[in-house]
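User: I would like to learn how to read a fold from its model. Please take me through the features in turn.

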Amino acid sequence: MEIKKKTWPELFQRMLEGKKTADVRLADFELNEGDIIIFEEYNPNTKKYTGRILKKKVKNLNKIKVADFNPVNDIIKFGHWVIELEDGN
C-alpha cells in the first residue's frame with residue numbers, strides 16, 4: 001500500500017541527504033512493514049506543497065504509547081528523542 005504524508009522542508013531535506021532514516025508519526029492511519037510512504041514536502045509558512053516527493057519503504061514498524069513509559073507532564077516538559085542506532089565497532 002502507498003500512503004501520502006506531508007513533511008516540513010528541513011525534515012524532507014535531511015531524508016533526501018540520507019541523514020534522517022527514521023520518522024515518528026501519530027498512529028492515526030493504517031501502516032504495515034513493506035508499505036510505501038510518499039513524503040510530500042510542505043512549507044508551513046506558505047501553506048503550500050513544494051512539489052518535491054520522496055518514496056520510502058517501511059522497513060521496521062513499532063507502535064507505542066509514550067505515556068505508558070513516562071508521565072505526561074515529563075513528556076510535555078522534555079519531549080522524546082527518536083534515536084536510530086548502528087554498530088559502534
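Analyst: Start with the elements. The chain has 2 helices and 3 strands. Helices (H or I, at least four residues) and strands (E, at least two) are DSSP runs, numbered from the N terminus. This is a predicted model, in which local features need pLDDT of at least 70, side-chain atom pairs count only at pLDDT 80 or more, and totals for chains, interfaces and linings use all residues. Residues are numbered from 1 along each chain as its sequence is written, and side-chain values use heavy atoms, with hydrogens and water left out.

User: Which pattern does the chain follow along the sequence?

Analyst: The pattern is β-α-β-β-α. The C-alpha atoms fill a box of roughly 40 × 35 × 30 Å, taken along the principal axes.

User: How do I read strand pairing?

Analyst: Two strands pair if DSSP finds at least two bridges between them. Here β1 and β2 are parallel, with 6 bridges. Lys 4 stands opposite Ile 38 in β2.

User: Which hand does the crossover from β1 through α1 to β2 have?

Analyst: First the convention. Point the strands away from the viewer; a crossover is right-handed if the path from the first strand over the helix to the second runs clockwise. This β-α-β crossover, from β1 through α1 to β2, is right-handed.

User: In which sense do β2 and β3 run?

Analyst: They run antiparallel, joined by 7 bridges. Phe 39 stands opposite Leu 54 in β3. The bridge partner of Glu 40 in β3 is Ile 53.

User: Where can I find a buried residue?

Analyst: Look at Thr 7 in strand β1. Thr 7 is buried because its relative accessible area is 3%. Across the chain of 89 residues, buried residues make up 18%.

User: Which residues does Thr 7 touch?

Analyst: Contact means heavy atoms within 4.5 Å. Not counting residues up to four places away in sequence, Thr 7 touches Phe 12, Met 15, Arg 25, Phe 39, Glu 40, Glu 41 and Tyr 42.

User: Now take Glu 40 from the strand side.

Analyst: Glu 40 lies in β2. With neighbours within four places in sequence left aside, its contacts are Lys 4, Lys 5, Lys 6, Thr 7, Tyr 49, Arg 52 and Ile 53. The C-alpha atoms of Glu 40 and Thr 50 are separated by 7.8 Å, with the residues 10 apart along the chain.

User: What volume does the largest pocket have?

Analyst: The search uses a 1 Å grid over the protein atoms alone; a pocket is an open set of points where a 1.4 Å probe fits, with protein on both sides within 12 Å along at least five of seven lines, and lining residues have an atom within 4 Å of a point. Grid points are joined across faces, edges and corners, and a volume is the space filled by probe spheres set on the points. The largest pocket holds about 1500 Å³. It is lined by 31 residues, and Asp 23, Val 24, Asn 60, Leu 61 and Asn 62 are closest to its centre. The elements that give two or more residues to this lining are β2 and β3.

User: How is the lining of the largest pocket divided by class?

Analyst: Ala, Val, Leu, Ile, Met, Phe, Trp, Tyr, Cys and Pro count as nonpolar, Asp, Glu, Lys and Arg as charged, and the others, Gly among them, as polar. The lining has 16 nonpolar, 5 polar and 10 charged residues.

User: And the second largest pocket?

Analyst: Its volume is about 240 Å³. Its lining has 13 residues, with Leu 11, Lys 20, Ala 22, Asp 23 and Val 24 nearest the centre. β1 (2–7) and α1 (9–16) each supply at least two lining residues. By class, this lining has 4 nonpolar, 2 polar and 7 charged residues.

Key. Buried means under 20% relative accessible area, exposed over 50%, partly exposed in between (1.4 Å probe, protein chains only).
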